Amino acid sequence: MLALLTDEQQMFKELATELAAAAGLVNPGDLDTIDQDKAWHDIAAAGLLSLRVRDAGQPMATGVEVMLAVQALASRLVPLPVRGSGVLSLELLSLAGAPAEWIAELADGRARYAVLLSRDLSRLADLSDAGAVAWDSAGADFLLVLDRTGGCVRLARAAAAGRLSWLASIDLTRRTARVGSLAGAEAVGQPIEPASLDRWLALALATVSADIVGAMRGALDGVVEYSKRREQFGVPIGSFQAVQHMCAESLVKVEAADSATKYAAWAVDELEPAAALLAARTAKAYSGSVARDVPETVMQVYGGIGQTWESIAHFYLRRTLLDRQVLGDDQVQLALIADSRLGRT
């Protein structure tokens, strides 16, 4: 697939890359020293939290712009809930016809939302789920969950205060919490049509795939630069054919995942919901299948330092491993793709 960005999209990509560089991590210690409040304000001011705000009923940004932003932030391990709050929560609120002031507060960074997933992270949670998980929920003020009672699907909102029990997550750049009782959750707007929910899921899967691609590319770019400076036997390790092969094979996997994700991101707004969802499942299936291979290869190329806490390499691996599980891993996606192709419900 030949995916060409417009001039505006290229400028937006450069802006997102600059923001990611300012808010991202260079080494594990940055997680404790970065000014996350300032970074959140800067990201909101740049418009990255309002990409899917509606203008005359249409999102201000397409799935492609969302993908570009998410990839840039993931490449630098930005530890902020841009996906969970600024993209996926805002999209659900918009589909449900939530009050404009709620969306405005989210878009300008004054309020943070978290989407609740099932206990195994494989799907959106509903009010009947025990042990729902608030994923990518750092600083969440409100929680969003589906209400399937009454013969339709509605969105419900609950205040996060007093409901979250923070979990020890493999991903150190994003916070995850177990959710207690959702008693008192209030219905939001109107019912969400199944086709609209499919389109939301297509956006969500494309966004998770974009995060995997961004993290893999960031990890690989970092180790390639390292291989140009690190010397063994008087020469850079990047001159060794074995190292070159490892990096080249990883690049092939990153580019393949990137191509599938670009198509899925474009499909979100351009194809019918069922077709967009199929494209997104395909992207998630492939990116999930290589989400472990590429960061582990990166750790091997780093050598001994790559196995230590002080190396940033394991942060990339941790991030992609959790991404792989969110909304279903590659095996789940392949099974659902087969069901779709074979006409099974």
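I began with Leu155 and listed its contacts, leaving out residues up to four places away in sequence: Leu155 touches Leu92, Leu93, Ala96, Leu144, Val145, Leu146, Glu186, Ala187, Val188 and Ile192. A reminder to myself: this is a predicted model.

Next I looked up the cores. Leu155 is among the residues with the most contacts inside the largest nonpolar core, along with Leu92, Leu93 and Trp200. That core has 73 residues, and helix α7 (residues 194-229) gives the largest share of them, 10 residues. I also found a second, separate core of 27 residues, which includes Leu25, Ile212, Met216 and Ala291.

Then I turned to the sheet. In what order do the 7 strands lie? I read β7-β8-β4-β3-β5-β6-β9, in an open sheet with mixed pairing. At its edges I found β7 (164-166) and β9 (186-188), each pairing on one side only. Helix α5 (residues 82-96) packs on this sheet and touches β3, β5, β6 (154-159) and β9. The direction of α5 makes about 80° with that of β3.

I zoomed in on one strand pair. β3 (residues 113-117) and β5 (residues 142-147) run in the parallel sense, paired over 3 bridges. Val115 has Leu144 in β5 as its bridge partner.

My last stop was a helix pair. Helix α8 (residues 241-270) packs against helix α9 (residues 273-290) at an angle of about 160°, and their axes are 8 Å apart. Angles over 145 degrees count as roughly antiparallel, so α8 is roughly antiparallel to α9. I noted that their crossing is left-handed. Among the residues that meet here are Ala256, Ala260 and Tyr263 in α8, and Ala279, Ala283 and Tyr286 in α9.

Conventions: Residues numbered from 1 in each chain as written. Predicted model: local features only at pLDDT ≥ 70, side-chain atom pairs only at ≥ 80, totals over all residues. Heavy atoms only, no water. Pairing = 2+ DSSP bridges. Helix = DSSP H or I, 4+ residues; strand = E, 2+ residues; numbered from the N terminus. Contact = heavy atoms within 4.5 Å. Axes fitted to C-alpha atoms, helices over the stretch in contact; angles between N-to-C directions. Core = buried A, V, L, I, M, F, W, Y, C linked by side-chain atoms within 4.5 Å. Buried < 20%, exposed > 50% of the residue type's maximum accessible area, 1.4 Å probe, protein only. Parallel < 35°, antiparallel > 145°, perpendicular 65-115°, else oblique. Left-handed = near helix turned anticlockwise from the far one by under 90°.
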